[in-house]
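This report describes a pocket, a cavity and a helix contact.

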Amino acid sequence: MKILVLGAGAIGGYFGGRLAAAGVDVTFLVREKRREQLERDGLRIESLVGDMALPVKTIAASALRPVYDVALLTCKAYDLDSAMDAIAPAMSTTSCVLPLLNGMAHYTHLDERFDRHRVLGGTCMINATLRADGLIQHSARMQRLVFGERDRSATARTQAFANALQRTTLDWDLSQDINQELWEKVVMLATLASVTSLFRANVREIMASPGGQAAMERALDANVAIATQEGRAPREAAVTFSHSNLTDPAGTWNASMLRDMEVGNQVEADHIVGWMLERAREHRVDDAMLGLAYTHLKAYEARRAAARLPTGPA
């Protein structure tokens, strides 16, 4: 199996790197600066489950050919259009896309561009960050990837990707109902993103604050209710897992959305929190936490945009 990974950032670099380290045929489509970094230093990962540094194959957009079986899409939601343009030349009639983006709003756009039958369902659970020096810092032991056909069929292409993952040390699952997995992930993510971004704190700090646990539980209950109204009630084990992690008094984790805010980066406000807020209001579910978080995120976006506008002559 030939795998193309768009970018070599925190998500694509980590999962693509673990696959490459296991001897799977992986190529990273990267911009020139990142390509120079990888050629000079190799792909470097610092992780509780094992550090690694290895040379990897890279390719420039101009050299792409339609020879790949799977294109692993790990961009931010606001870069989706350019990401689809980037991988299009690599897509043959038998190629498929495996998106590992946050949320679910991107599937509509991917289906329109590449046709639904060529878009797998996928999600991942990991806390990783790309540092300025090119090192991928994996700061928790979780490194899970879940994927499958969205029509619940068993196919040769998903089995081939499963065989590739079998060679790695990653935690993974070929799901028989990836849509259920996607909803359970977005329930947890929307809760974590909305609450940690709203309070600008990690789980431990929120739990130590007056009303913190009640706020987190209110947000989680609302997101569970949204999924239930959408016909995808989270399974008991998924709710228990989410509650345990989201209310852990020792939890040092937060959402990547908060980490982006803290360094002044663009955020996926509409793709995750805004998308769930629309459904909360449609189903008349408690929207207080989602609504406050969305206002906070949009105010951040407005201030960020204003700070980048030219001031003009005095």
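Helices (H or I, at least four residues) and strands (E, at least two) are DSSP runs, numbered from the N terminus. The model is predicted, so local features need pLDDT of at least 70 and side-chain atom pairs count only at pLDDT 80 or more, while totals for chains, interfaces and linings use all residues. Residues are numbered from 1 along each chain as its sequence is written, and side-chain values use heavy atoms, without hydrogens and water.

On a 1 Å grid over the protein atoms alone, a cavity is a set of points where a 1.4 Å probe fits but cannot get out; a pocket is an open set with protein on both sides within 12 Å along at least five of seven lines, and lining residues have an atom within 4 Å of a point.

At least two lining residues of the second largest pocket come from each of strand S8 (121-130), strand S9 (136-148), helix H6 (178-199) and helix H9 (236-246). Met-125, Glu-181, Glu-184, Ala-238 and Phe-241 lie nearest its centre. H6 also gives the largest share of the lining of the largest cavity, four residues. Leu-182, Lys-185, Val-186 and Leu-189 are among the residues that line this cavity.

H6 packs with helix H12 (residues 288-307) at an angle of about 55 degrees, their axes 9 Å apart. Residues of H6 including Ser-194 and Phe-199 meet residues of H12 including Met-289 and Leu-297, where contact means heavy atoms within 4.5 Å.

Conventions: Axes are lines fitted to C-alpha atoms, for helices over the stretch in contact, and angles run from 0 to 180 degrees between N-to-C directions.
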